[in-house]
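Me: Hi! Could you walk me through this structure in plain words?

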Amino acid sequence: MSGGTPPATVPPAQRDPSVRPAAGGDWRRRLATMPGVGPVRAFWRWLTSMRTALVLLLVLAVAAVPGSVFPQRNVSVESVATYYRDHPSAAPILDKLYAFDVYASPWFSAVYLLLFVSLVGCLVPRLRQHLANIVRKPPPAPARFDRLPHASQHSTVDDPGTAARTVRAALKSRRWRTVVREEPDGAITIAAEKGYLKETGNLVFHFALLALLLGVAGGSWYGWHANRLVVVGDEFCNTLQQYDEAGLGARTEATDLPPFCVTLKDFRAEYHDNGAPADYTAHVSYVESPDAPVKDWTLKVNNPLRVDGANVYLLGHGYAPVLRYTDRYGQTFTTTAPFLPLDGMLTSEGVAKFAYANVPPDGSAAEPAQLGLAGIYQPTVNPDFSQAKSLFPLERDPVLVLAAYQGDLGLGSGAPQSVYELDERQLHLGRLALVGGSLEAATHTLRPGESWTLPDGSTVEFLGTKQWITISVRHDPGEATMLGGAIALLAGLMTSLSGRRRRVWARITPDQGTGSVVMIGGLARTEYPGFADEFAQLAELAQRFGGETAQPAAENKPVGATERGQ
Amino acid sequence: MAHTSDVLLTVTLLVYLAAFLGYLVEFAFGTRGAVARVAARPERELVSVGAEAAASTAWDLPDTAPAAPASPVVDPRAEKAGSRSGVAGIVGAGLTVVGLGLHIAVLVTRGLAAGHVPWSNMYEFVVALTAVFTIGWLVLLAVRPAMRPLGIFITAALVVLLGFAGLVLTAEAGPLTPPLQSSWLKIHVSAAAIASGLLLLGFVPAALYLVRSAYEAGRFRPGLVTDLADRLPSADRLERLTFRLHTFAFPIWTLAIICGAIWAESAWGRYWGWDPKETWSFISWVAYAAYLHARATPSVKRTVATWFSVAAGITMVINLYVINFVAVGMHSYAGVE
């Protein structure tokens, strides 16, 4: 599919006189005349043609563009939701066209699969051809050397046999593959070829692309990923139930997940004076299986925890206020509520829900008086309270502003609910309302250790905060293939782009009585401006290689040294 | 030190501007100056002396033919010495060398000020890639002096890119955020800068080839464009230069993407995630691959193939300038408010 082409399409300038048309198989001719084969063959020829491949490459490049214009589900589900909110009429139509799943869309897949089919259709014959070329000896010398782009001639006192050995040794010393033939008239010819690596590299590059496709497929079938938030001190184990979000590959089962557990022992974030992050360090301990020894690991952004069958990555972090609620019956509940950061200074937002609060201890039925606290946390409070924007991401002057809601949190409905916000429907229906009826009455500012008594006598205490981190756990069995494929791809690419195929022939004929005449001709089969120079050096080397011959150079003359095809 | 770096950038810009004027004088007043004449001379004329001599003319690439100083055929330096506009061109080239020295000093002082490699945000990245661009140009100029008429476009691009970097992209030199604290920053980003600089350099002869080949085909009415095209090296030379630059830079671009994927795996947990920057580097890669395939296909016209490379170059520019500002992704390193 790249580089060279079958001999039939080589332009006159590059046509190699030594290439003979391949013998066609008889079965092929018979197959070609079978009904229905014609159109299929025509389609196949169209698909595997270079022009089609070029068009497909361009289409692939263009088809990838929408993925950077529209938000993608595989990158950020939230952005897609935002897009739906902002463009309520266009979004469903775009969604039908897979605008939010471009890289998993049928049309994107169609383009790259067609491209790969075209690639295989082109590679297989080329591989066969190349293997044949490697096995085959360099082709016999052409009858006339002056037709070749480069030719030279010299005389020597040696007999043809010795002269041929000298030329061959010269070629061999430059790592040319040579074959010596004798012609009916007694002349000795040497055919030499070099640069097989170019096509080898070309094939390696393109087969490496196939390996990459397999690597991607392997990863998406047999891989899995999961995310969760972990508060300092907590432990989680690698089961789907313990993740906030997870995705299994098509050929992966929940039971395939390796049974490791990780405990977050502590987390430290460091910042520069301007609030820019300087370092995140999480100390974790883990067991690879229930009966394995406990090991420690320092988890950092560029230092994932790699256990057997999965990698654990540190993604983000934030604060989780710890709140104690003592309800009107004296029951206490403590919760650690992770708040999500709103900005780089870690102004954070979140809720705490107390679903079992204010239930009469005698079991009597009463209006539900569950408590929901919505809050904004600033690790370093802005003196201008109207701003509600933290000044620094570390807890230099932490302040928690809470708004208290009471009523039915709506958890009993069975519908899934976010742990980061109160149920909008319940608020809308008035089943969950601000304590005291107004935002002013229901809002309170707390510093760590402070408590707040609600109108019904219950109290909310802000005990302090814990840090949390978000982690991503991933397993991609295609990675090794991808890495190997990528290395092979690069090696093949460089070999292919720097390699040059070229051929040199020599014909040694006896000179009247003593000595012999050595004619050398050569051509570069790929664009290679330096071949003239290489050829000249080679021709010179062939005269005096090994110091065996000493015929003066005066008789030497270049023959028809034109720069055709260069 | 950061301030020194900023001052140096201004000086660098002014020197490049002066170099631009030097090339411009040569271009404008040297109505087909010596350099252009040498460039336009048909190859056959040189070749007739013999293959050996042809191979040693000065503008063959270094890996193919080390320039022989005693070449009997052409010594462009001797020819152009007579022309005054040629002097302006040489001054332009000399000023480019001075500019590059200052340019590298900008990077070094910036690196010292920040305490890490000077390509951690968009400003630094553009300064680094333009340095590669200039180095590439000077190497090219040393190997193929006949390409000097391109200097005017090269330095114009330099002034625009660096000026935009200094005025718009400028960001405080600062320490690295945790995701950037990795050895891969040195490898991935430098490979990206080198490849981008060289691919951008390849864009210049590619675009000029399209102009020149249309001119050689007689497709322009006499006017400014023909005057301009007339002073350019021959279409054939521009086309081959375009190809050489791209074949050199494309593997580096591939390496940059691969290193990025390895880094992404250890920092973000996946080697490829269709982040906008990743997507556009993929688009560019595919577009450049299409160019190389088109170039290797005899049935595709060279002008068509070169359009592929121009299109690919445009995707690089989009990736560098548009994506950093418009798309929000994990590569949001621009640091531009």
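**Salt bridges and contacts**

Reply: Happy to! A:Glu183 and A:Arg507 form a salt bridge, with their closest N and O atoms 2.8 Å apart; a salt bridge here is a side-chain nitrogen of Lys or Arg within 4 Å of a carboxyl oxygen of Asp or Glu. The pair links distant parts of the chain, 324 residues apart: A:Glu183 is in the loop between strand S2 (177-182) and strand S3 (188-194) of chain A, and A:Arg507 is in strand S21 (residues 502-510) of chain A. Helices (H or I, at least four residues) and strands (E, at least two) are DSSP runs, numbered from the N terminus.

Me: What kind of model is this, and how are things numbered?

Reply: This is a predicted model, where local features need pLDDT of at least 70 and side-chain atom pairs count only at pLDDT 80 or more, while totals for chains, interfaces and linings use all residues. Residues are numbered from 1 along each chain as its sequence is written, chains are lettered from A and ligands numbered from 1 in the order in which they are written, and side-chain values use heavy atoms, with hydrogens and water left out.

Me: Back to that pair. Is A:Arg507 buried or exposed?

Reply: A:Arg507 is buried, at 9% relative accessible area, whereas A:Glu183 is partly exposed at 22%. Buried means under 20% relative accessible area, exposed over 50%, and partly exposed in between (1.4 Å probe, protein chains only).

Me: How many salt bridges are there over all chains?

Reply: A search of the whole structure finds 26. A:Arg73 takes part in two of the pairings I can show you: its side chain meets A:Asp95 at 2.9 Å, N to O, and A:Asp101 at 2.7 Å, N to O. A:Arg73 lies in the loop between H4 and H5 of chain A, and A:Asp101 in the loop between H6 and H7 of chain A, 28 residues apart. A:Arg73 is partly exposed at 29% relative accessibility, and A:Asp101 is partly exposed at 22%.

Me: Now the two chains. How many residues does each put into the contact?

Reply: Chain B gives 57 residues and chain A gives 60, where contact means heavy atoms within 4.5 Å. Between them they bury about 4,700 Å², 68% of it on carbon and sulfur atoms. Buried area is the accessible area (1.4 Å probe) that two parts lose on being put together, summed over both.

Me: Which elements of chain B touch chain A?

Reply: Those giving two or more residues are helix H4 (51-55), helix H11 (235-268), helix H12 (276-296) and helix H13 (302-326) of chain B. H11(B) gives the most, with 15 residues. The residues on that side of chain B divide into 35 nonpolar, 13 polar and nine charged; Ala, Val, Leu, Ile, Met, Phe, Trp, Tyr, Cys and Pro count as nonpolar, Asp, Glu, Lys and Arg as charged, and the others, Gly among them, as polar.

Me: What does chain B look like overall?

Reply: Chain B has 13 helices and zero strands. Of its 337 residues, 62% count as buried.

Me: Where is B:Ser182?

Reply: B:Ser182 sits in the loop between helix H8 (151-169) and helix H9 (184-216) of chain B. B:Ser182 is buried, with a relative accessible area of 16%. Not counting residues up to four places away in sequence, B:Ser182 touches A:Asn302 and B:Trp263.

Me: Last topic, strands in chain A. What pairs with S20(A)?

Reply: Among its partners is strand S11 (residues 310-326) of chain A, joined to S20(A) by 15 bridges and running antiparallel. Two strands pair if DSSP finds at least two bridges between them. Within that pairing, A:Gly316 has A:Thr470 as its bridge partner in S20(A). Strand S4 (residues 224-231) of chain A is also antiparallel to strand S20 (residues 459-475), over eight bridges.
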